[in-house]
Amino acid sequence: MTTLVTALLVSHDGDRWLAAVLDGLAAQTRQPDRCVAVDTASTDTGPLLLRQRLGADAVLEAPATSGFGEAVAHGLSGLPPAEEHEWVWLLHDDSAPAPDALERLLVVAGDQPSVSVLGPTLRAWPSLRRLLEVGVTISGTGGRETGLEHGEHDQGQHDRVRDVLAVNTAGMLVRRSLLESLGLDPRLPLFGNDIDFGWRAARAGERVVVVPDAVVFHVEAAHRGLRRTPVTGRVRRGERAAALYVLLVNAPPVTLPLRVVRLLLGSLLRALGLLLVRAPREALDELSGLASTYLRPGRVVAGRRARRGTAKVPHREVRHLLAPAWVPYRRGLDLVGDAVSRGAHQAGDRSAARRARHVEPAATETGPVPAEAQSLPDDPGVLGRLVAGPVAWTSALLVLAAVVAARDLVGHGTLQGGALLPAPDSALDWWRTYLGSEHRIGTGSSAPAAPYLLPMAVAGTVLVGRAWLLVAVLFLLAVPLAAWGAHRFLLRVTASRPASLWGAVAYGVLPVVTGAVQGGRLGTVVGTLVLPWLAHAALFLRAGESADRRARAAWRTALWLGVLAAFVPVAWAMAVLVGLVVLVAAGGDRTVMSRVVLTPLVAVLVLLLPWSLATWSHQGPAAALFEAGLPSPHLARALGRWDLVLGRPGAGAPLWLSTGVLLAALAALLRPDTRRAVLRAWTVVVVALATTAVLASSTFSTSSSTTDQPLWMGFPLVVAQAAGIAAAALAGSGIRSRLTGASFGWRQPVGALVVVLAVLTPLASVLWWASSGSAGALHRGSGSDVPTYMTDAALEAPVNGVLVLRGSTASGFRYVLLRQPGMRLGDDSVLPSAAAQSRLTAYVEDLAAAPTAAEVRALSRLGVAFVYAPAPADAALAAHLDSVSGLSRASATGRSDRAWQLDSPPSDEDLHLAADRSRPWLLLVQGLALGVAAVLAAPSRRRAA
Amino acid sequence: MRRPSTALAVVVLVLAAVAAVLLTRPAAPAAPPAAPPSVGRLVSSTALACPDQPPGSGVSPTVRVGLAPGLPGVHRSGTVETGPVSGGSTARALSRGSLVTMPADGGPEARATGAAAAGLFGARTERVPGKAVAVTPCVAARARWWFTGAGAGLDHSSTLVLANLDPGPAVVDLRVLGPDGDVETVATTGIVVAPHTVRRFALADLAPQTDDLALSVKAERGRVAASVTDAFRQRATAPTGREWLSASEQPSRDLTVSGLPVKAQRRTLLVANPSELEAVLDVRVAGRSGTFTPTGLGEVTVGPRAILPVDLTGLLPTGEPVAVRVTSRTPVLAMVRSVDPTDTSDAGAADPLTGPAAAVLVPGTTASVQLTAGRSRAHVGLTSYAASGRRVHSARLTISPTATAAWSPGAGAAYVVVSPRGSGSVRGAVSYGGGGGGVASVPLGALPGRELRPRVVPGLR
């Protein structure tokens, strides 16, 4: 039996590799019997080289638009008629065979006569050892599966001849009869035609095997984008379109509908994933590949029809050659694992860099991490650092103090009081309030929920829906959490670990020293926690950082500022002021600075949609000045001058406890070498005090809280204190050597005194906090004093509202119409305005003055089923309500409260229930903006060179 | 270009910080949300209960109701339904200013809606010529009542009359204070007064053998019109004086007992302290020219939950109208019992007049409107009318701060209308003196005029 082998080389602009390919061909230990080359209108020296080496007769010309399959067909057409045992050895102009490649292929072909297609091991061209393919198959999502690890080297591990679905056309040895009868699909000009051919061959009952001993070195020029031809187009798009086409034309008819849907959704998901990792071009390729396949269903139909004629064996017989169903999912997991490990790697790098900085305390500037810092020889490890370091001890001390201070806030019930409403039962309630465009609260409202509900809902969801736990963590662990953030920030701006630690503790106690925790001021507490992270992100906006890092920092700053402004909207105005100062001081860097500074300031307005746009018309413009939490006029007090200077917006620690920080911040201005940085901190102090001066001078009200009241100035004063602490920490870096190194004078004793006072300040504050506790107006109690049967009825059907009346005839009444067991955190932001409730207000006035049956009937039409007067119920009111027909006494919980039930069944015919139709769109815009900001803030996939 | 010196920046920033602190003018904390009720629309419905004596008391009373003229914005006449509480009332058209007699039996009530609701007043008068006079105003139902000076002894007996004018039942708790504290009573809580019924309770059944009592009526549900009729004799052989006790809504830290007869054999100040704290009293007398502390009266202290009689005999000036002012850091109740040879007068604490007040006069007696100014000068308009509505006499009084002034309505007057003018606070009562014997006193209270609408605001929690 004589075996005839025709080598068929397809070439296009491949003169870079062609010589080596021809050399490889010439060096074959079993020379092909014929060599034919097809050149598809190369513009380089390739055709000349081919003619020189193979002879002019052996080189055929084909148009530049010819696909690989058409080129092969053209090559075959120039050959004499096929003989019985004729083989065709397909080669690319970028695939160089090892000298024994053909021989080894033919040995297997001879040993196994049932085999019709054989393929070699493909190894990477430059490295020579790296494996590219040892046979190939396709996954259910269209992934090209080689079964190899990325970068796997050929160490003889794949040494078994085995059946595969397909082999690459580079080095493929195929019976000429099969190649001519099946042909390469002309609809797959470049990519995917090998898998398709193998799949069709398998369906035709032919065997495809890979011969690992035979080696071909492949550049994969088209796949890597090294070669552009009229048929390559965008590589990723072409590959994706080809994969989808191959799956759709070769899939069993039964699974086709499901596969169509699966591939559509999968492609969309992949595109989304690519967007999330900031690969918009790849995402576009994914989508355009999808579109080019799905929008031309005729190609698929024609392809399937063509395959019907060649298929001889059922699908199930080739199924084992396809990739297992779990492969795509394992790949997904691998991707996530890679991302996590990359993140951990980056964090490790940063940690090492930080340690390296602090090995050399004199180094104040950040810079490249020394190589030796990457693997410090005496690194005690994470656990060792935690146990041995002063940071660990300080953290433990603060947590211990937090536990001691929370002694009056443990037990049954929910944290509440002051400006804090009790948390809802679940974080789902926050989601519901935030996403809802119509709120069944009171007489009905379509007000946009306060923006802080979104981060609360997200964080609450992370805590498995435990909303109460989130509130407890925020308030009871505010000090250690704030200190943690401050420590991270101060470590970045100062070179001194002691100064950072001092500043962290001094900052950490601010939530309790200012009285924010005790007053239930959620906005100030969370604002204090977020502020250091915002400042940390903003540090990278400075000139000197790479453009990529500044751009990412701008978006990271936008996200942190968004979180901060969600809880304390005034923070945005303060950020604008600071941004203006930065721009004025930017000098030559102003153009870039404008972009990186304005990006977060403008982006926040979009990130806070729909509140930023819609609250003006619902709660009024002053709503932008109130921070998260209940407006509580009774908690406000007139600020004294020293309250401003020492940061006491409410009933907090004694004033003298903060004098050390004040002195240290002032003394910081005296140190010349750190003065420039200290002045930046002092600029923030001035901005914060100016904000306080402007806002503290007036009273404000919202449309749902109409009592004019001064604003709680907690956050601006925290910012002023924080900037003062930062100034002191900056100047305190290396203060000991500074004081001891200079010649003795007045500076030493004064400096030492200031240092001692400053060091004592946080210590004394922690002691004061631990001894006085975190309780104040904040307490733990049951959510509502309304009888349970009433709230149960309201929960069952919101129309069974409970009208709760507090106060007295002499001092006036406050009412609230409940449709759940009491008001919950966040409900206050969607309360209907006083104007919207004017009708109900008038009815309640009538009830308290001289009620008639008409008012009672009107109440029932507003969805009121019960009237409840908590203890001590006003006697005149009770007498009035007892005397009016239409109301019957109901069970109350104590001797001093009173309850009534309306005789007529309640209805919602007079309720104002109109959903805001624009809300879903605004929420969609916000969601997209958050996604875009998160993607743009994420670390770059490609590291800067 | 030379960069500005950092020292200059330091100075600028520190000065800016100091300026920000100095320029801050912190707004005062918000005013408390509490606010007094505002005067609203005219009342649209008024129901008054005029108590009657227990059957067989041998008293022949007269009950008269009228529509007071002179109320701002109130000119229209209307229809008034009069009759027993239990039903069967008669509607009668009443012209503005007229005073008519209505049946005195069955715990009568007078009910007016619409135009006649404002200015409706009435009183029950009892007179035994030459011996005794008793007067009590017809009152609207409410939830809280206090009566000081009741008794349940051999020479002093009282009866509580409760009327429920509303369609729903009223549930009432009674509390009795004696000289030694709370009096143990039985079955005095959860007393149900059915709709449109009257119930009477002899205090002798509740707290026997106690001469001086204070009585609290607290409607736990609904509201009642409460009155206490009181019979007192100084000794077993003395004639029994009859009187209706004045009611207070709640204890107060500043009381003015007005309407004392200008002459009396004995005067006793009774002070009840329902609180848990001891009350140290400051007792002063508001006379013609101002307030003074009566000589001979030492420090008066009332124990918690107790009632204390204080003998004022001989301590008050005679021949001139006086009021007794009692102040205390603890809210208390007070009344002055004046005894003349044939009758007693129980003068109660008068509330500041928030609008025009009217008092029915008793034919055959001389009446004196006694008014006491508050801390500032008070101006008052007084007009007496005949039963037909004809104006008989009128006057304008200016009363010096804390002083007491008196005015006589003149002969032929059936009732008197007292209208405070200006901003000065004034309280008062009408003191009745029989020509041949008998004294009585009725504190002046504002007529139903405009609704007091409490301030109502939507709350946040």
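This is a predicted model: local features need pLDDT of at least 70, side-chain atom pairs count only at pLDDT 80 or more; totals for chains, interfaces and linings use all residues.
**Exercise 1. The make-up of chain B**

State how many helices and strands chain B has, and what share of its residues is buried.

Solution. Begin with secondary structure: chain B contains two helices and 37 strands. Next take burial: of the 461 residues in chain B, 51% are buried. Then look at the extent of the chain, whose C-alpha trace spans about 115 × 55 × 45 Å along its principal axes. Last, consider contacts in chain B between residues at least 6 apart in sequence: 80% of these join residues at least 24 apart.

**Exercise 2. The side of chain B that touches chain A**

Find which element gives the largest share of the side of chain B that touches chain A.

Solution. Start with the contact as a whole, which takes 46 residues from chain B and 61 residues from chain A. On the chain B side, the elements that give two or more residues are α1 (6-23), β16 (210-221), β36 (450-453) and β37 (456-458). The largest share comes from α1(B), with nine residues. Sorted by residue class, this side of chain B has 28 nonpolar, eight polar and ten charged residues.

**Exercise 3. Strand β18 of chain A and its partners**

Work out which strands are joined by bridges to β18(A), and whether each pair runs parallel or antiparallel.

Solution. Take chain A first. Strand β17 (residues 801-808) is joined to β18(A) by seven bridges, and the two run antiparallel. One of the pairs is V802(A) with L818(A) as its bridge partner in β18(A). These two strands form a hairpin, with three residues between them. Now cross to chain B. Three bridges join β18(A), residues 812-818, to β37(B), and this pair runs parallel. Within β37(B), Y815(A) has P458(B) as its bridge partner, while R814(A) stands opposite V457(B). Finally, check burial: six of the seven residues of β18(A) are buried, so the strand is mostly covered.

**Exercise 4. Helix α1 of chain A**

Determine where the buried residues of α1(A) fall when seen down the axis of the helix.

Solution. First check the length. Helix α1 of chain A, residues 15-26, has twelve residues and reaches 16 Å from its first C-alpha to its last, close to the 16 Å expected at 1.5 Å a residue. Second, list the buried residues: W17(A), L18(A), V21(A), L22(A) and L25(A). Third, use their directions: seen down the helix axis they fall within an arc of 140°, so they line one face of α1(A).

**Exercise 5. The surroundings of V5(A)**

Explain why V5(A) counts as buried, and name the residues that V5(A) touches.

Solution. Locate the residue: V5(A) is in strand β1 of chain A, residues 4-11. Apply the cut-off, under which a residue is buried if 20 or more other C-beta atoms lie within 10 Å of its own. V5(A) has 22 C-beta neighbours inside 10 Å, and therefore counts as buried. Leaving out residues up to four places away in sequence, V5(A) touches P32(A), D33(A), W87(A), W89(A), L102(A) and L106(A). As a further distance, V5(A) and G238(A) are 32 Å apart, C-alpha to C-alpha, and 233 residues apart in sequence.

Key
Residues are numbered from 1 along each chain as its sequence is written. Chains are lettered from A and ligands numbered from 1 in the order in which they are written. Helices (H or I, at least four residues) and strands (E, at least two) are DSSP runs, numbered from the N terminus. A residue is buried if 20 or more other C-beta atoms lie within 10 Å of its own, exposed if 12 or fewer, and partly exposed in between; C-beta atoms are placed from the backbone. Two residues are in contact if their C-beta atoms, placed from the backbone, lie within 7 Å. Ala, Val, Leu, Ile, Met, Phe, Trp, Tyr, Cys and Pro count as nonpolar, Asp, Glu, Lys and Arg as charged, and the others, Gly among them, as polar. Two strands pair if DSSP finds at least two bridges between them. The expected span of a helix is 1.5 Å times one less than its number of residues. The arc is that of the directions from the helix axis to the C-beta atoms.
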